[in-house]
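Thanks for sending this one over; here is my read-through as a set of numbered points. Keep the model open beside you as you go.

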Amino acid sequence: MSYFKRIASAAVALMLAVSALSGCGGKGESENVTTLNVWSHNAHSKAFMTDLISEWNETEGKKLGIKIEYTVKESDIQQTVDMAFESDQEPDFFTSCRIEKHSDSGNIVPIASLPGGEEFIKKYTDLGIDLGGSGFSSPSGEVYCVPFSVNTFGLVYNKDMFKKYGIVDENGEPTPPKTFDEVCEYAKRMTNESEQDYGIIFPMKWGGFYTTDVEQLAWGSAGRGVFDCKTGRQDFSVMKPIYDMYTRIKNEGSCFPLAESLDNDTARAYFAERNIGMKFAGSFDVGVFNEQFPAKCDWGVAPYPVADENERYLQYMGMGGYFAMSKSAVEKVGEEKAFEVFKFLHSDDILKKLYQKGMNLPYDYSIIDSVTPDENMKGWKEFAELLKISTNGYQGASVEITGEKNAASVFSAGLWMGEMTSDEAIAELDERYNRGMDTYYSNHPEKDKNKLIVPDWNTKIDLGE
């Protein structure tokens with residue numbers, strides 16, 4: 001080959017390479033296919049979601065001229081997304097969205113602005129789901145995200161221990177506690193240090209302990225959190241029966257020793273391995289007790305206990321995993337096609353398949369009512385059943401108490417250590433949190449606390465049904 005032919009050939013190769021590179025992030029495999037990038041933090045379902053999306057790319061995606069590129073960011077996805085927007089390399093859809101920040105910057109698209117968006121939102125609000133929280137909406141009230149997966153919560157209990165200590169019905173079947181008093185009674189009954197049996201275990205070193213194992217119990221017992229959405233004030237009185245339960249168990253020595261030094265993984269491993277009667281847990285623990293720390297006992301799942309078994313309210317569930325849409329998606333393929341991808345990512349079909357594989361619970365039980373989970377998923381169906389008696393609650397008010405003890409610190413350093421009574425803790429927290437709430441809204445006049453008032457809030461369960 002002559003020198004000039006070699007130069008010409010190299011030039012053509014360079015042009016082809018440049019042409020191919022120019023399609024990255026915009027055009028995909030051909031001029032008729034546009035690639036949309038989806039980033040998620042959900043590593044547990046990576047392989048399964050990748051397969052579902054590959055199938056969609058070959059069917060509906062081809063019809064729309066869209067290829068989804070699905071990537072799991074296992075590091076801090078919020079920081080990764082922020083950096084991507086700063087360098088104009090943002091994803092088209094992503095989870096764990098900082099809505100206030102990205103809506104203020106115009107980086108994300110409100111759902112109602114899309115064709116059919118208002119009807120899409122109505123599907124969730126008709127179920128009583130509050131989309132006013134910071135995980136879904138901007139301070140101005142525009143909805144950017146909707147629920148995808150949820151976590152339900154309850155009490156896991158060792159059926160073998162219950163049978164050993166005679167906590168059973170007339171048929172010899174274990175009867176989990178329905179009230180806080182019964183938790184105390186059963187924990188004391190099952191604690192036998194000579195046999196290294198303990199009634200309950202508390203992972204107090206775990207960062208999520210106070211929220212999950214203490215504060216959330218108020219919803220099923222009193223129908224609200226510490227922020228009273230009817231009055232607009234912080235009211236910790238709902239915590240009294242819960243605080244009293246913990247101090248009674250501590251004083252009676254009915255829990256596994258040195259609770260303050262236990263993280264959640266250690267506590268879960270002990271429940272799976274040793275003779276421990278009860279533990280507060282979430283649906284995310286199913287995989288732990290089936291795979292990570294396979295339980296050696298026969299265990300069951302019960303709802304959170306309440307103060308009065310004749311007065312029960314919907315208990316709390318957490319929502320997450322939802323996607324936000326970047327304006328780049330609309331710029332690449334237009335509103336209608338971008339919204340089709342958004343709807344696919346939140347589709348009932350995906351939720352059913354993820355539930356069947358034991359990876360996610362949907363926000364609505366009716367989606368999975370007729371779906372049977374795969375085998376070897378002990379406890380999964382039971383946690384799914386708790387969807388029927390659960391709510392995502394309402395948006396709480398912000399507080400500014402920098403430099404002062406928060407509720408978790410008052411509980412662990414004061415109440416648990418016997419430095420104060422439950423009444424003293426409640427009085428201190430009421431004063432601090434109301435003052436902190438007033439300070440926050442005084443310093444942020446652009447935020448209207450009155451929007452958080454829900455005068456007709458009522459989640460009481462009709463036990464006669």
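1. A definition to begin with: Ala, Val, Leu, Ile, Met, Phe, Trp, Tyr, Cys and Pro count as nonpolar, Asp, Glu, Lys and Arg as charged, and the others, Gly among them, as polar. Please bear in mind that this is a predicted model, in which local features need pLDDT of at least 70 and side-chain atom pairs count only at pLDDT 80 or more, while totals for chains, interfaces and linings use all residues. Residues are numbered from 1 along each chain as its sequence is written, and side-chain values use heavy atoms, with hydrogens and water left out.

2. The overall picture comes next. The protein has 19 helices and 14 strands; these are DSSP runs numbered from the N terminus, with helices being H or I of at least four residues and strands being E of at least two. Along the principal axes, the C-alpha atoms fill a box of roughly 90 × 55 × 45 Å. Of the 465 residues, 49% are buried, where buried means under 20% relative accessible area, exposed over 50%, and partly exposed in between (1.4 Å probe, protein chains only). Among contacts (heavy atoms within 4.5 Å) with a separation of 6 or more, 73% join residues 24 or more positions apart.

3. Now to the pockets. On a 1 Å grid over the protein atoms alone, a pocket is an open set of points with protein on both sides within 12 Å along at least five of seven lines, whereas a cavity is a set where a 1.4 Å probe fits but cannot get out; lining residues have an atom within 4 Å of a point. Grid points are joined across faces, edges and corners, and a volume is the space filled by probe spheres set on the points. The second largest pocket comes to about 250 Å³. It has 14 lining residues, and those closest to its centre are Pro 176, Pro 177, Lys 178, Pro 303 and Arg 312. Helix H8 and strand E10 (299-302) are the elements that give two or more residues to this lining. By class, the lining of the second largest pocket has nine nonpolar residues, one polar and four charged.

4. Helix H8 (residues 180-190) deserves a look of its own. Its buried residues are Phe 180, Glu 182, Val 183, Cys 184, Tyr 186, Ala 187 and Met 190. An α-helix has 3.6 residues a turn, so residues three or four places apart point the same way. The cover over the buried residues of H8 includes helix H7 (159-164), strand E6 (198-200), helix H10 (217-222), helix H11 (240-252) and strand E9 (276-282).

5. Is Thr 179 buried or exposed? Thr 179 is buried, because its relative accessibility is 9%. Thr 179 sits in the loop between H7 and H8. Not counting residues up to four places away in sequence, Thr 179 touches Pro 305, Val 306, Ala 307 and Glu 309.

6. Most residues other than glycine have a negative phi. Gln 196, in the loop between H8 and E6, has a positive phi near 55°, and at 47% relative accessibility Gln 196 is partly exposed. Leu 258 also has a positive phi, of about 55°; Leu 258 lies in the loop between H11 and helix H12 (264-273) and is exposed, with a relative accessible area of 60%.

7. Which residues join H2 to H16? Helix H2 (residues 46-58) packs on helix H16 (residues 348-356) at about 145°, with the axes 11 Å apart. Axes here are lines fitted to C-alpha atoms, for helices over the stretch in contact, and angles run from 0 to 180 degrees between N-to-C directions. Phe 48, Met 49 and Leu 52 of H2 meet Ile 350, Lys 353 and Leu 354 of H16. Five of these contact residues are nonpolar, none is polar and one is charged.

8. Ten residues line the largest cavity, and Asn 42, Ser 45, Met 49, Tyr 70 and Phe 148 lie nearest its centre. The lining of the largest cavity has four nonpolar, six polar and no charged residues.
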